[in-house]
Amino acid sequence: MDPDFLNVFTQPSTLDRFLTEDVIAKGDKRKLIKPTSSNNRKLEELKLFLTEWINRTLKEEHIVVKSLEEDLYDGLVLHHLLENLGSLKLDVDKIALTEKKQRQKLSVILEAVAKCLQVEESQLKWSVESILAKDLLSTLHLLVAIAKHFEPTLALPPNIQVETITIETTSRGLKTSNGVENITENKENIEAQSKEDAFDELFNCAPDKLGAVKKALLQFVDQHVGKLGLNVKDIESQFSDGVILLLLIGQLEGYFLNLRNFFLTPASTMEMLHNINLALELLAEGGLLNFHVNSEDIVNGDMKAIMRVLYCLYSKYRTKEA
């Protein structure tokens, strides 16, 4: 069994919920923040920021939040927050004492949030059940979305990332997978991130040409890292740990990469993330990267993000080789 799956249950509250409740129905998935992120200084900074923001917003109503997980799950604070920020009048009781009433109240509140945000249910990163279950990841996503919508000038701590574990029940038992997820964006790069580029057009309008572009990029990479005895065949999987990308940059840009500065055989998503962030820094310093890239997208094997980064090198050195 995946040791990360066992580590999730080192937290008593999580263990109790899984032992006493049918938390994940067969065929369903549940994503949690891994315990390793409990020492994430930036995550704690975001939690404190949001807690103070809520308390400041609801000061006149004498509501004090001490824990995001424990104080928001029943809908009371969220109800007051939406009424205060958006002047929304929701047809629900102020206080819901039973789980049934809490679920009904959360359903009305979250429906109102979705309507304000103008997003489909499939795009939401939270649900009635996850908020009711005191899920921190869902609660953070919900609060960040509310804050960005109703107070767009609020200076949220940028670029907060967490390690996650996704648990799924299958006919063979529990299946787990690891990942990295962004909770807040890098505000300095939002404008660049939102601009549609050639790869957006390629994926959306010319998928028939995608194979040819992918093949050209792979041949380019293979030509250079092949000198190191490496063979690259798959964009999604072979670039997710950052190793080949760093070695490629070193070959092309003439960098000497000290083995103490990166992980040659990364053993965790955070080590993979370290490698990717280092590669992106090198590209930016070399003037090759002038747009925002979410490092978690590369760790998670996002083909479009990886191809964008590879094209930065391809466009420069293809011209030199021609």
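Colleague: Is Asp 222 buried, partly exposed or exposed?

Modeller: First, this is a predicted model, where local features need pLDDT of at least 70, side-chain atom pairs count only at pLDDT 80 or more, and totals for chains, interfaces and linings use all residues. Residues are numbered from 1 along each chain as its sequence is written, and side-chain values use heavy atoms, with hydrogens and water left out. Buried means under 20% relative accessible area and exposed means over 50%, with partly exposed in between (1.4 Å probe, protein chains only). Asp 222 has 26% relative accessibility, so the label is partly exposed.

Colleague: Where is Asp 222 in the fold, and which residues does Asp 222 touch, not counting those up to four places away in sequence?

Modeller: Helices here are DSSP runs of H or I with at least four residues, strands are runs of E with at least two, and both are numbered from the N terminus. Asp 222 belongs to helix α11, residues 210-225. Contact means heavy atoms within 4.5 Å. Leaving out residues up to four places away in sequence, Asp 222 touches Leu 230, Asn 231 and Val 232.

Colleague: How far apart in space are Asp 222 and Lys 233, C-alpha to C-alpha?

Modeller: In sequence, 11 residues separate Asp 222 and Lys 233. From C-alpha to C-alpha, the distance in space is 8.2 Å.

Colleague: Now Thr 57: which backbone oxygen lies 2.7 Å from a polar atom of its side chain?

Modeller: Thr 57 sits in helix α3, which covers residues 41-57. With 16% relative accessibility, Thr 57 counts as buried. Leaving out residues up to four places away in sequence, Thr 57 touches Leu 81, Asn 84, Leu 85 and Glu 151. The backbone oxygen that lies 2.7 Å from a polar atom of the Thr 57 side chain belongs to Trp 53.

Colleague: What is the strand order in the open sheet?

Modeller: Two strands pair if DSSP finds at least two bridges between them. Strands of a sheet pair through backbone hydrogen bonds, either parallel or antiparallel. Here the pairing is antiparallel, and the 3 strands of the open sheet have the order β1-β2-β3.

Colleague: How many bridges join β1 to β2, and how many join β2 to β3?

Modeller: β1 and strand β2 (residues 161-170) run antiparallel, with 5 bridges between them. β2 and β3 run antiparallel too, and they form a hairpin with 2 residues between them. The number of bridges joining β2 to β3 is 10.

Colleague: How many of the residues of β2 are buried, and which helix lies across the strands?

Modeller: β2 is mostly covered, since 9 of its 10 residues are buried by the cut-off of under 20%. Axes are lines fitted to C-alpha atoms, for helices over the stretch in contact, and angles run from 0 to 180 degrees between N-to-C directions. At about 80° to β1, the helix lying across β1, β2 and β3 is α8 (residues 136-150).

Colleague: How many disulfides does the structure hold?

Modeller: A disulfide is a pair of cysteine sulfur atoms within 2.5 Å. Cys 116 is partly exposed at 21% relative accessible area, and Cys 312 is buried at 8%. The number of disulfides is 0.

Colleague: What is the phi of His 62 near?

Modeller: Most residues other than glycine have a negative phi, and most peptide bonds are trans. His 62 is in the loop between α3 and α4 (68-72), and at 72% relative accessibility it counts as exposed. Its phi has a positive value, near 60°.

Conventions: A polar contact is a pair of N or O atoms within 3.5 Å; within protein, one must be able to donate a hydrogen and the other to accept it, and residues adjacent in sequence count only if both atoms are side-chain atoms.
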